Every structure is written in structure tokens, then in C-alpha cells.
Amino acid sequence: MVLRACGFIIFRRLVGRIPPPGNIEYLLLQTSYGEHHWTPPKGHVDPGEDDLTTALRETKEEAGLGTEDLKVIKGFVQELHYEVRGKPKEVLYWLAELKDPGTAVTLSDEHQDYRWAQLEEACTLARYKDLQDTLRAAHRHLEACQDKQ
């Protein structure tokens, strides 16, 4: 049986700094268990729960950010497949903007730290190629949306 998890790649735009896309930072949370890896907020789908509801619930639980804080970006969802302790896992990530870049992040016990990072630092923290590719895909999506404006 495949473990399924859902979450958000959350970004914020810094006002008054360098122009886009250099003003974009991504939120990563450092786990308080295992290898203390860095990851966007995500978690397992509860029975009877749809994927997007899971992503929203887990983001609220892990980072303290709710629907009132986020704007889901249309047209972006990434699916990752990998193994955890020999069992297959799939993760769906949507993309969401933090409406107010100054909104505080409130960590759950599952995480010991968080960081807002520009793309390359976020990719370095992420360590896993599939997550790095997802962050880069999100960035390309934002650049494409910016070009259309």
C-alpha cells in the first residue's frame, strides 16, 4: 500500500527588495526527528479526506498558516514518488503565496526550525533531487505567471 501525503510549497514576495523573481522566498520546515531534514509543510491523508483538504490541514498544523493566510496558485501541482523505509510514498504539492509576507510561522512539535529561503538556498536545504526539482518547477511557474502580467 502506498503512503500518500499532501502539502504546499509556500512562498512570499518581499516588498521593496530586488525585483522579481529575486524577491521570492520559500518556506521550509526542519523536522525534529530522524535526520532533521528540511521540507515544505505536508502530511498524510486522513481516511475520507481529499488531497487539498489534507494539504490545508497539515499546513495549519505544522506551520500555523491557514486558508486566511494563503492564496493557492492555480495551475500548479507536483506529484513526487519515493520510498520511506522500504515502502512507497507519493506526495502532492500545491503552490501557495503567503498573502502577508510578515505573517508569523508557528511550528508544531514535529519541527524544530523554519527558514524562508530564496530558490538556490531552498534547494540546498532540501537535499533531495525530487524536492529540488519541485521547488524549481514552482519558481518557473511563478516566472511564467509574472511574464503574463
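This is a predicted model: local features need pLDDT of at least 70, side-chain atom pairs count only at pLDDT 80 or more; totals for chains, interfaces and linings use all residues.

**Reading the features**

Guide: F11 is buried, and Y26 is buried as well.

Visitor: How many aromatic pairs does the count come to?

Guide: The count comes to two aromatic pairs. In one of them, F8 and W94 have ring centres 6.4 Å apart and planes at 50°, a tilted arrangement. F8 belongs to strand 1 (residues 3-13) and W94 to strand 6 (residues 87-98), so this pair ties together parts that are 86 residues apart in sequence. F8 and W94 are both buried.

Visitor: How many salt bridges does the structure hold?

Guide: Side chains of opposite charge can pair when their charged atoms come close. This structure holds 13 salt bridges. One of them joins the side chains of E97 and R13 at 2.9 Å, N to O. Because E97 lies in strand 6 and R13 in strand 1, the pair ties together parts that are 84 residues apart in sequence.

Visitor: Is E97 buried or exposed?

Guide: Buried means under 20% relative accessible area. E97 has 14% relative accessibility and therefore counts as buried. R13, by contrast, is partly exposed, with a relative accessible area of 24%. Leaving aside neighbours within four places in sequence, E97 is in contact with F11, R13, D69, L70, K71 and I73.

Visitor: Which salt bridges lie within a helix?

Guide: E61 and R57 meet in a salt bridge of 3.2 Å, N to O; both lie in helix 1, four residues apart, about one turn of the helix. E61 is partly exposed at 40% relative accessibility. In the other example, the side chains of D133 and K129 meet at 2.7 Å, N to O. Being four residues apart in helix 3, D133 and K129 are separated by about one helical turn. D133 is partly exposed, with a relative accessible area of 34%, whereas K129 counts as exposed at 57%.

Visitor: Which residues are linked in a network of salt bridges?

Guide: The network links D46, E49, R57, E58 and E61.

Visitor: How many disulfides does the structure hold?

Guide: A disulfide is a covalent bond between the sulfur atoms of two cysteines. The structure holds zero disulfides. C123 is in no disulfide, and the nearest cysteine sulfur, that of C145, is 18 Å away. C123 counts as buried at 2% relative accessibility, and C6 counts as buried at 0%.

Visitor: Where is Y128 found?

Guide: Y128 is found in the loop between helix 2 (119-126) and helix 3 (129-148). Y128 is partly exposed, with a relative accessible area of 38%. Not counting residues up to four places away in sequence, Y128 touches E35 and H37.

Note on methods. Residues are numbered from 1 along each chain as its sequence is written. Side-chain values use heavy atoms; hydrogens and water are left out. Rings of Phe, Tyr and Trp (its six-membered ring) pair if their centres lie within 6.5 Å; planes under 30 degrees apart count as stacked, over 60 as edge-to-face and the rest as tilted. Helices (H or I, at least four residues) and strands (E, at least two) are DSSP runs, numbered from the N terminus. Buried means under 20% relative accessible area, exposed over 50%, partly exposed in between (1.4 Å probe, protein chains only). Contact means heavy atoms within 4.5 Å. A disulfide is a pair of cysteine sulfur atoms within 2.5 Å. A salt bridge is a side-chain nitrogen of Lys or Arg within 4 Å of a carboxyl oxygen of Asp or Glu.
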